[in-house]
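Thanks for coming. I will go through one model today, sheet by sheet, and then turn to the ligand.

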Amino acid sequence: MRAVQFSEYGPPGVIHVAEVEEPHAGPGRIRVAVRASGISPGETYLRSGTWREVVPTVLPYRTGFDAAGVVDEVGDGVTGVSVGAEVFGMTTMTGRAANADYAVLAAWAVKPAAWSWEEAGGAAGAVETATRVLDRLAVGAGHTVLVQGAAGGVGAVAVQLAVARGATVVGTASEHNHDFLRSLGAEPTAYGAGLVDRVRALAPAGVDAVFDCATGALPDLIAIAGDPARVVTIADFSAPAHGVHLSHSAPADETDAAFGGADPLAVHGLDIAVGLAEQGRLQVPVAAAFPLAEAAAAHELSETRHARGKIVLVN
Ligand SMILES: NC(=O)c1ccc[n+]([C@@H]2O[C@H](COP(=O)([O-])OP(=O)(O)OC[C@H]3O[C@@H](n4cnc5c(N)ncnc54)[C@H](OP(=O)(O)O)[C@@H]3O)[C@@H](O)[C@H]2O)c1
């Protein structure tokens with residue numbers, strides 16, 4: 001089968017499609033014939049070598065954390081899903097390899113009929129991450145939440161999940177994405193200089209929680225929240241120096257040192273997302289869809305850090 005991988009660190013061009021052995025569904029797992037899968041921005045840092053000192057990577061590295069497709073193998077002990085079902089879900093943190101013809105999923109849910117394959121292929125990682133952080137921040141009805149980097153793959157889903165919880169959401173993005181943020185239910189504003197004053201004007205009663213999907217603004221985000229404990233970032237590695245929690249995840253069976261301090265995976269978010277999608281309350285905005293063979297171009301787009309929503313590969 002085909003799988004997207006890189007065998008050396010470097011620019012997007014080191015990403016290529018290789019012919020590899022098909023994986024099979026072990027106990028507790030399912031295998032899908034992939035119809036679409038997500039690009040993970042974090043994997044662009046792995047590929048470039050930026051994270052080589054902090055995240056041990058065995059080469060060749062097969063990319064892709066989330067996928068949607070048709071179940072064609074069901075592992076021992078798996079109940080509630082059969083061959084032929086249309087699902088979306090995620091691999092293990094270390095197993096990956098979802099950007100391929102077949103992928104083994106460790107967590108999944110039924111693909112909502114309202115979602116295209118492209119939306120479903122890029123959904124699971126964003127849904128899990130957004131749910132994990134909104135849970136940690138205990139976001140609920142009546143709260144006001146700031147989502148920094150709200151037009152990206154995670155941010156666009158986080159806005160909608162926070163709105164679904166009954167929160168009022170302020171989201172940051174470049175000006176040309178402000179109508180997009182409004183369409184998701186957020187009050188938009190620009191990130192960058194003057195953010196504290198702009199958010200205070202939009203939320204005069206204060207902000208209960210800040211979900212940071214970007215980097216470089218933690219002092220402002222803490223000032224907005226009033227307490228570093230009310231800020232969670234998924235991207236800013238300077239978080240510990242500011243007393244802010246950097247949320248990352250690992251399944252319970254992957255307690256490798258590299259995942260120390262991990263939050264439990266918020267897998268329950270997948271079923272919540274299905275319910276919301278069926279009610280027309282959750283879309284997965286797709287910035288672009290590339291054929292599997294053009295994965296390098298997908299990485300190139302991701303590296304602009306200005307994609308609106310998820311970048312996906314289609315099989
Ligand atoms: N820790 C975890 O568990 C976890 C999980 C998933 C992702 N991540 C990380 O979280 C980050 C976000 O992921 P993603 O999938 O949402 O990425 P993404 O889709 O690539 O994010 C792109 C968005 O970032 C916005 N942006 C760019 N520069 C910004 C800035 N200086 N301030 C605020 N927003 C800015 C852009 O907005 P405009 O185009 O409107 O300017 C664009 O909409 C990535 O670094 C990713 O690696 C971490």
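First, a definition: two strands pair if DSSP finds at least two bridges between them. Helices (H or I, at least four residues) and strands (E, at least two) are DSSP runs, numbered from the N terminus. What you see is a predicted model, where local features need pLDDT of at least 70 and side-chain atom pairs count only at pLDDT 80 or more, while totals for chains, interfaces and linings use all residues. Residues are numbered from 1 along each chain as its sequence is written, and side-chain values use heavy atoms, with hydrogens and water left out.

Start at strand β1, residues 2–6, which pairs with β4 in the antiparallel sense over 2 bridges. Q5 has R62 of β4 as its bridge partner. The sheet here is open and has 3 strands, in the order β2-β1-β4, with antiparallel pairing. β2 (15–19) and β4 (61–62) are its edge strands, and each pairs on one side only.

Helix α1, residues 41–48, lies across β1, β2 and β4 and runs at about 55° to β1. For that angle, axes are lines fitted to C-alpha atoms, for helices over the stretch in contact, and angles run from 0 to 180 degrees between N-to-C directions. Contact means heavy atoms within 4.5 Å.

The loop between α1 and β4 contains P60. The peptide bond joining L59 and P60 is cis, with omega of about 0°. A97 is not a glycine, yet its phi is positive, about 65°. For background, most residues other than glycine have a negative phi, and most peptide bonds are trans.

Next, a run of antiparallel pairs. β3 (residues 30–38) pairs with β5 (residues 66–74) in the antiparallel sense over 7 bridges, and A33 stands opposite V70 in β5. β5 also pairs with β6, again antiparallel, over 5 bridges. There, G69 has V87 in β6 as its bridge partner.

Now the parallel sheet. Its 6 strands form an open sheet in the order β11-β10-β9-β12-β13-β14. At the edges are β11 (186–189) and β14 (245–246), each pairing on one side only. Helix α6, residues 195–202, packs on this sheet and touches β9 (144–148), β10 (168–172) and β11; the direction of α6 makes about 150° with that of β11. Within the sheet, β12 (residues 209–212) and β13 (residues 231–233) pair in the parallel sense over 3 bridges. F211 has V232 in β13 as its bridge partner.

On polar contacts (a pair of N or O atoms within 3.5 Å), Y191 places a polar side-chain atom 2.4 Å from a ligand oxygen atom. For S174, a polar side-chain atom lies 2.5 Å from an oxygen atom of the ligand. A polar backbone atom of A307 is 3.2 Å from an oxygen atom of the ligand. Taken alone, the ligand exposes 930 Å², and the protein buries 83% of that; these accessible areas come from the Shrake-Rupley method with a 1.4 Å probe.

Methods. Polar contact = N/O pair within 3.5 Å; in protein donor to acceptor, adjacent residues only side chain to side chain.
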